[in-house]
Amino acid sequence: GRRDALARHVDVLIADIDLELTKDIDAAVEWLNRYGFFYAGLRPCALGGHDAMRLQRLNSPRVELERIVCDSEFAQRLLAYVLEDRERVKQIAR
């Protein structure tokens with residue numbers, strides 16, 4: 001579980017929300033936000049062939065966000081969105 005992953009010092013924890021089977025996606029995102037998970041992207045045809053929303057939680061200071069390189073304007077905007085969501089989640093995480 002989450003505590004085991006935290007104890008093993010995993011650098012990044014990932015949570016995928018199945019967009020087809022999850023009845024209340026907003027509630028799932030809000031619950032994960034409380035534990036520090038923020039937007040990471042979408043995984044088309046992920047779980048059982050269903051699209052998934054991916055959230056991530058950084059669990060190590062070794063993750064060097066400032067070293068991320070984006071080759072396109074779209075990628076730069078997406079990175080900015082992800083980092084903004086991370087800042088938003090910092091305000092509400094336990």
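## Strands and their pairing

Two strands count as paired if DSSP finds at least two bridges between them. Helices (H or I, at least four residues) and strands (E, at least two) are DSSP runs, numbered from the N terminus. This is a predicted model, in which local features need pLDDT of at least 70, side-chain atom pairs count only at pLDDT 80 or more, and totals for chains, interfaces and linings use all residues. Residues are numbered from 1 along each chain as its sequence is written, and side-chain values use heavy atoms, with hydrogens and water left out.

Strand 3 (residues 50–58) pairs with strand 1 (residues 12–18) in the antiparallel sense, over 7 bridges. Here Ala15 has Leu55 of strand 3 as its bridge partner. Strand 3 also runs antiparallel to strand 2 (residues 38–47), joined to it by 6 bridges. For Arg43, the bridge partner in strand 3 is Ala52. The hairpin of strand 2 and strand 3 has 2 residues between the strands, and Gly48 takes a positive phi near 60 degrees there.

## The buried side of helix 2

Which residues of helix 2 (residues 25–34) are buried? They are Val29, Leu32 and Asn33, where buried means under 20% relative accessible area (1.4 Å probe, protein chains only). These residues cover an arc of only 105 degrees around the axis, so they lie on the same side of helix 2; the arc is that of the directions from the helix axis to the C-beta atoms.

Just after helix 2, Gly36 takes a positive phi of about 90 degrees.

Definitions and conventions. Buried < 20%, exposed > 50% of the residue type's maximum accessible area, 1.4 Å probe, protein only.
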